[in-house]
Amino acid sequence: MLAADQTDLPLLQLAAARERFAELRPQIRVLDQRAKDVGVSDIGKLDDLVPTLFAHTAYKSYPKSFVDKGQWDRLTLWFSTVSAAPMDGVDLDGVADVDDWITRLEAAGHFLFSSSGTSGKASFIDQNQGDIDRIADLLTRIWGWPSPPPRDNSRPLFSLTPSAGPARLVYAFQAQAKYTGRPGAIYTLTDEPIRMAELNRIMRLQQALASGRATPDQVAEFEAGIADRAGDMRENYRRIARALDAHRREPLVFHGSWPQVWSLLEVCRELGIAEGGFHPDSIYLGSGGTKGLTLPGDYQEQVARFFAGARRYRGYGMSETSTHSPVCADGRFHVPPWLTLFILDETGESVRYLPSGPVTGRAAYWDPVWDGHWGGTISGDWITADYGRCSCGRPGPTVADSIRRAKDVIGVDDDKISCAGAIEAYVRGAITTSVDRV
Amino acid sequence: MVVDSPSEMASVPFVVRGRVFEGVSHTPYGGAARGQAALDLNELVWPGNVPAPLFDVPTAEIIDLLGEVGDWVRLDPDGVMAQALESLVEVSGAARPLEERSYADLWRYFSRDLSRFQLEQELGGLDVLDSWRSIEVPGAAASSFVRAFPARMVHVLAGNAPGVAAISIVRSALVKGASLLKMASNDMFTAPALLRAVSAVAPGHPLERSFSAVYWRGGDDAVESVLMRPQFFDKLVVWGGAQAVQGAARYVCPGLDLVSFDPKTSISLIGKEAFADGADLRKIAAAAATDATIHNQDACTASRFQFVEGAVADVDRFCALLVGELGVERHKAAARSEPVPADLRDEIDALRQLDPYYRVWGATDGTGMVVRSEEPVSFYPTGRVVNVVAVSEPKSVFEFIDASTQTVGIYPDRLRAELRDQLCSVGVQRVTGLGHAADTIIGLPHDGFYPLSRMVRWGKDES
């Protein structure tokens, strides 16, 4: 499906954009407000979408106090402004923490996913059941491209994620469990769901630290570091390591973020589990960054030696888009045809485009798949793309394997110093936890 | 020793102990200059085994010379200041009328009266710089003596206000120090221009040999890890930014002290009297706006959070007047700033939807915005954005004060008198009347300490 000839693709994308904008603008208050502010009344050409794209910060634009103080009605009011579906019928009675809140929303048909970075605030994005179904379908058709595993529930499935929780990684696991995984041979890191409240507790501690209201005991707890809970997870890793060993002669599917994959590799070594010998139709994926952990420089090679025999799969994506872009034999990431890729300048306001040849800038996407929220997102990635035909023979756009964080690139010459500053500067050690580090 | 330090930077004049390197970038920063002469680090240090150049110069003479420097800066006979101003506006994108007013004020920092005032307040007089001050110790038969000795300093300057360079030069000169001024990328012109004024009035004088002003990229190890050692310098004087302070703190070790003007946040506190009969709410809003827009809200003294005691309807009346006043051109503010940054705009757009808990006035175009809330917003207001927090009593402010709170501008005076003990007890460094946050008095404590006493090495003779 990534070989679709792109000649009429822009027209199809434009038609979809027109339709979705007209449909969603009346439903999403912040989109309506933005459209009014920037004077976009309809989408005449694809570039008209650019001023309507949201930075990922739009999905964490609620006041932190709503969560800290348990003002769930206010948080719901905020969530309704970035969501396409009304929040009527969400029962907030007796909600104790943010996980309760998420569960109540689910009960009312809002399946939100969340991510949390270093800023201390989690983002919340709404999806409905249709979104989940469509994305599961798309994911399992793309994952493993150009020869994805069959969708016949025949493969042992390993996912180094929790099996439940409001995160895209978990939804990806659930999609593979639905289509790919063989019942009885599906392995996750834990069935303990991701708890947002735990993350919030850590963030509140950081806040107390900043304002000078934390006790020395709390400071010690903070410094001891949100301690790597890898220790508690050890037994789970052993269980997965043994299962992996038992299934290595079968075509299996394996996915994990690099720090978890590395932990598993260490446990396999401890248990004396041999490297290599994996079935040639097996596919493994290590994803994400290293989350500030110090892994050996050649960790990817070491993991590759362990999985010898299996095929390594790679993709480039972000949690805000419905689908990731898989890599081709020439090492370029192919953007799926239903995503519109924009390359923006430093300001995020102007589009950079060339019919072929490298174009560098900030990646932004418009994604027509979502019903639950507006699919226009400006990413934090600085990429080099090419809208022309790839050397592998397939049409573009493709993204080069040189993705960096935009702030690392365009922040480079900003050596401005001003005496104004906030309390965050006074806290030693910053939060580096994130929900997908379990 | 000559080092390379890569970065993209326009060619700017540097001054090294009186010698001006004009038209030639003295670093290899940037295309044309790449591979040319780089920073000569040997030229930037003062040997530790001989007294600093100003050691033997009477303080009164230094004060006189500084006064002459001020006159020269005011008259600008060679157009050096005008050229620096032009470059600052052109290259750094600073607001012209605002910087014109800042430059027109620069000479005042060099005033003889102000110099004497600083030394009186901070060191107890001039004598301790020129001679040993005799101290009577209870129970001791003979006197002891103390004297302030010059230190070798690196000043990491902030670039958000031209006065920073002037204050730093005057302070260093008054304590006879030898100072390397490391400029910020947002002002690489003011410090060299002021040092050229020093050269003009005192050619060949030790004062001229006591200063250099250069640029390297902050955090550049090729320069900093070489220079920032007790062998070469005694004091690191850093104006925040958080990154600047944390960057410099890496080099602190025995023999190399940190004197830090930390990054700060300032706030306002407005009591219920503002809404009493006969109170001029517009005038109060104008005072609040004056405090909020200091250097286009790019200063630590600029108010970002304003706690207003009153019913929400009254507070909203204040907000409506405040937003109108934010876009007014003032002595320390242009009529508008850069547009509100995108990430802040997203947050504010969300709050617009959260009526009645939040209310938003104004536009994102840099003419000013006001966000009214029940408690402080979780973002850092900048770009002419003021968060007005409606409170039922002034003491609510204590919940939100911490070590980063610098100035609290208060209306009315009654409230200031009532709260100043408690405010300063919990970390606030400065209280002022509303509308006077910019009227910093040099010679009084700065960020909680007396800078001159930290910029010397104290010697003693104990009998």
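Visitor: Let's start with a single spot. Where is B:R17 found?

Guide: B:R17 sits in the loop between β2 (14-16) and β3 (19-21) of chain B. Helices (H or I, at least four residues) and strands (E, at least two) are DSSP runs, numbered from the N terminus. Before we go on: this is a predicted model, in which local features need pLDDT of at least 70 and side-chain atom pairs count only at pLDDT 80 or more, while totals for chains, interfaces and linings use all residues. Residues are numbered from 1 along each chain as its sequence is written, and chains are lettered from A and ligands numbered from 1 in the order in which they are written.

Visitor: Is B:Q297 buried or exposed?

Guide: We count neighbours: a residue is buried if 20 or more other C-beta atoms lie within 10 Å of its own, exposed if 12 or fewer, and partly exposed in between, with C-beta atoms placed from the backbone. B:Q297 is buried because 25 other C-beta atoms lie within 10 Å. B:R17 has 17 other C-beta atoms within 10 Å, so B:R17 counts as partly exposed.

Visitor: And which peptide bonds are cis?

Guide: Here are two. In chain A, the bond from A:G396 to A:P397 is cis, with omega near 0°; A:P397 is in the loop between β15 (376-386) and β16 (398-399) of chain A. In chain B, the bond from B:Y411 to B:P412 is cis, with omega near -5°. B:P412 belongs to the loop between β17 (405-411) and α13 (413-425) of chain B.

Visitor: On to cores. Which residues touch the most other members of the largest nonpolar core?

Guide: In soluble globular proteins, nonpolar side chains tend to be buried together. A nonpolar core is a set of buried Ala, Val, Leu, Ile, Met, Phe, Trp, Tyr and Cys residues joined through C-beta atoms within 7 Å. The largest one has 206 residues, and B:L157, B:L194, B:L322 and B:V388 touch the most other members. Helix α6 (residues 163-174) of chain B gives the most to this core, 8 residues. A second, separate core of 29 residues includes A:L157, A:V267, A:C268 and A:A310.

Visitor: What does B:L322 touch?

Guide: Two residues are in contact if their C-beta atoms, placed from the backbone, lie within 7 Å. Leaving out residues up to four places away in sequence, B:L322 touches B:A285, B:A288, B:A289, B:V370, B:V386 and B:V388.

Visitor: How is chain A divided into domains?

Guide: Domain bounds come from an automatic or database domain assignment. For chain A that gives domain 1 (9-128 + 319-410) and domain 2 (146-194 + 228-312). Their C-alpha centres lie 28 Å apart, and 6 residues of domain 1 of chain A are in contact with 4 residues of domain 2 of chain A. On the domain 1 side, strand β2 (residues 113-116) of chain A supplies the largest share, 3 residues.

Visitor: In what order do the strands of the open sheet in chain A run?

Guide: Two strands pair if DSSP finds at least two bridges between them. The 5 strands follow the order β5-β4-β6-β7-β8 (chain A), with parallel pairing. The edge strands, each pairing on one side only, are β5 (181-190) and β8 (311-312) of chain A. Strand β4 (residues 155-162) of chain A is joined to β5(A) by 5 bridges; A:F158 has A:Y187 as its bridge partner in β5(A).

Visitor: Which strands does helix α7 of chain A lie across?

Guide: Helix α7 (residues 168-179) of chain A lies across β4, β5 and β6 (253-257) of chain A, running at about 165° to β4(A). Axes are lines fitted to C-alpha atoms, for helices over the stretch in contact, and angles run from 0 to 180 degrees between N-to-C directions.
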